[in-house]
Every structure is written in C-alpha cells, then in structure tokens.
Amino acid sequence: MTSRWGIWVLISLQSNDLRFYELRESIQGISEKMLAQTLRALVQDGLVWRRVEPTTPPQVTYGLTEFGRDIGESLAELFGRITRRLSPRSAEQGRERRPGS
C-alpha cells in the first residue's frame with residue numbers, strides 16, 4: 001500500500017462499506033482505472049474485502065478487513081492531526097503575504 005490513492009480509499013471506507021461508484025464519487029480526482037488498480041492492490045494486501053452481487057450489472061461492494069480497519073483508523077488519525085496543524089500555519093502565511101500588512 002504505497003499509493004496516495006490507497007490512503008484515500010482506506011479513509012473513505014472507514015465509516016461504511018461502499019460500492020465502486022460511491023468510492024469514485026467520494027475521492028475527488030481519481031480515475032476509474034486508478035481506483036480499480038488501487039482496490040485490486042488493497043484486496044491482494046488483505047486490507048480490503050470485495051463482494052460481488054450476482055445481478056445485472058454486477059454490484060461490487062468494498063469494505064475494510066480487520067487489518068484494513070486498524071490501518072485506516074491510524075491513517076485517519078494522522079491525517080486529522082496533520083490537517084489541524086497545517087490549518088493555522090496556512091492562515092498565518094496568508095496574512096504574512098498580504099500587501100500592506
């Protein structure tokens with residue numbers, strides 16, 4: 001799990017199991033091809049499970065395995081800490097750059 005998209009998939013699946021199109025909509029900027037490759041790798045790594053419903057068209061749902069949930073919780077916590085620390089710094093830098101300050 002070395003791609004940035006893998007991190008976003010794990011964070012997106014943290015609260016609910018999602019179907020492919022729901023995941024695609026929840027991760028801004030990811031292409032269908034990249035999402036499919038990322039999900040395939042995460043399933044192979046044992047972080048995500050995949051369930052196919054025998055309907056037409058097939059409905060494919062993804063969710064976190066126990067291992068994936070452990071990793072996803074840690075990533076979400078780390079992401080939250082980074083976001084909180086960067087937000088005040090970004091605001092300060094914006095004030096410093098303003099002309100006339």
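Modeller: Let us begin with T61, which touches D17, L18, R19, W49, R50 and R51, residues up to four places away in sequence being left aside. Please bear in mind throughout that this is a predicted model.

Colleague: In which strand does T61 lie, and is T61 buried or exposed?

Modeller: T61 belongs to strand β3, residues 59–64. Its relative accessibility is 9%, and buried means under 20%, so T61 counts as buried.

Colleague: How many bridges join each pair, β1 with β3 and β2 with β3?

Modeller: The antiparallel pair β1 and β3 is joined by 2 bridges, and R19 stands opposite T61 of β3. β2 and β3 are paired over 6 bridges, also in the antiparallel sense. On that side, W49 has G63 in β3 as its bridge partner. R19 and W49 are both among the residues that T61 touches.

Colleague: What joins β2 to β3, and which peptide bond is cis?

Modeller: β2 is connected to β3 by a hairpin of 5 residues. As a general point, most peptide bonds are trans. The bond from T56 to P57, however, is cis, with omega near -10°. P57 sits in the loop between β2 and β3.

Colleague: How is the packing of two helices described, and at what angle do α1 and α3 pack?

Modeller: Two packed helices are described by the angle between their axes and the distance between the axes. For α1 and helix α3 (residues 32–44), the angle is about 75° and the axes are 10 Å apart. That makes the two helices, α1 and α3, roughly perpendicular.

Colleague: Which residues of α1 and α3 meet?

Modeller: From α1, the residues are W5, G6 and V9; from α3, they are M34, L35, T38, L39 and L42. By class, the residues of this contact comprise 6 nonpolar, 2 polar and no charged.

Colleague: Let us take one residue from that contact. Is T38 buried or exposed, and what is T38 in contact with?

Modeller: T38, a residue of helix α3, has a relative accessible area of 5% and is buried. Apart from neighbours within four places in sequence, T38 is in contact with S3, W5, G6 and V9.

Colleague: What can be said of A41 and its separation from S3?

Modeller: A41 is also found in helix α3; at 34% relative accessibility, A41 counts as partly exposed. A41 and S3 are 38 residues apart along the chain, and their C-alpha atoms are separated by 9.8 Å.

Colleague: Finally, how many aromatic pairs does the count give?

Modeller: The count comes to 1 aromatic pair. It consists of W8 and F79, in an edge-to-face arrangement with 5.2 Å centre to centre and 75° between the planes. The pair links distant parts of the chain, W8 lying in helix α1 (residues 4–12) and F79 in helix α4 (residues 66–97), 71 residues apart.

Colleague: How accessible are W8 and F79?

Modeller: W8 counts as partly exposed at 35% relative accessibility. F79 is likewise partly exposed, its relative accessible area being 39%.

Note on methods
Residues are numbered from 1 along each chain as its sequence is written. This is a predicted model: local features need pLDDT of at least 70, side-chain atom pairs count only at pLDDT 80 or more; totals for chains, interfaces and linings use all residues. Side-chain values use heavy atoms; hydrogens and water are left out. Rings of Phe, Tyr and Trp (its six-membered ring) pair if their centres lie within 6.5 Å; planes under 30 degrees apart count as stacked, over 60 as edge-to-face and the rest as tilted. Helices (H or I, at least four residues) and strands (E, at least two) are DSSP runs, numbered from the N terminus. Buried means under 20% relative accessible area, exposed over 50%, partly exposed in between (1.4 Å probe, protein chains only). Axes are lines fitted to C-alpha atoms, for helices over the stretch in contact, and angles run from 0 to 180 degrees between N-to-C directions. Angles under 35 degrees count as roughly parallel, over 145 as roughly antiparallel, 65 to 115 as roughly perpendicular and the rest as oblique. Contact means heavy atoms within 4.5 Å. Ala, Val, Leu, Ile, Met, Phe, Trp, Tyr, Cys and Pro count as nonpolar, Asp, Glu, Lys and Arg as charged, and the others, Gly among them, as polar. Two strands pair if DSSP finds at least two bridges between them.
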